[in-house]
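Please keep the sequence and the coordinates open while you read.

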Amino acid sequence: MEQQDMFDKDELVEVHTCVLCNGDIEHQKTPDGQVFWNRGHNAEPLAEGACCEVCNNTKVIPARLSAYIGKGEQND
Ligand SMILES: [Zn+2]
């Protein structure tokens, strides 16, 4: 797999904090162990900032789905 230098490597060792549970955001790694993403998931619409994988799956995605379903079709 080709390595893309999109991010500063120093930034990728930082551990960010989940805005929803205050836990650590997991580093996502390629199969060969290189961190390629450490900023988790967008926590909106629940909060501004980033959240961890668990919160994304258990809180953010359900909130987005229910917000989407709740809105239905709106015409301005
Ligand atoms: Zn979390």
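1. Basis and confidence. This is a predicted model, in which local features need pLDDT of at least 70, side-chain atom pairs count only at pLDDT 80 or more, and totals for chains, interfaces and linings use all residues. Residues are numbered from 1 along each chain as its sequence is written. The pLDDT, which is the predictor's confidence in each residue from 0 to 100, averages 87 over the protein chain, and 82% of the residues score at least 70. Where pLDDT is low, the predicted coordinates should not be read in detail.

2. Layout. The protein chain has two helices and four strands, taken as DSSP runs numbered from the N terminus (helices: H or I, at least four residues; strands: E, at least two). From the N terminus on, their order is α-β-β-β-β-α. Of contacts (C-beta atoms, placed from the backbone, within 7 Å) between residues at least 6 apart in sequence, 37% join residues at least 24 apart.

3. Of the 76 residues, 14% count as buried; a residue is buried if 20 or more other C-beta atoms lie within 10 Å of its own, exposed if 12 or fewer, and partly exposed in between, with C-beta atoms placed from the backbone. Leaving aside neighbours within four places in sequence, the contacts of alanine 43 include Leu20, Ala50, Cys51 and Val60.

4. Asparagine 38. This residue sits in the loop between β2 (35–37) and β3 (41–42). Is asparagine 38 buried or partly exposed? Asparagine 38 counts as partly exposed because 19 other C-beta atoms lie within 10 Å. Its C-alpha atom is separated by 7.3 Å from that of glutamate 14, 24 residues apart along the chain, and, beyond neighbours within four places in sequence, asparagine 38 is in contact with Leu12, Glu14, Val15, His16, Ile25 and His27.

5. Glutamine 28. Glutamine 28 belongs to strand β1 (residues 28–29) and is partly exposed, with 14 other C-beta atoms within 10 Å. Not counting residues up to four places away in sequence, glutamine 28 touches Val35, Phe36 and Trp37.

Notes
Contact = placed C-beta atoms within 7 Å.
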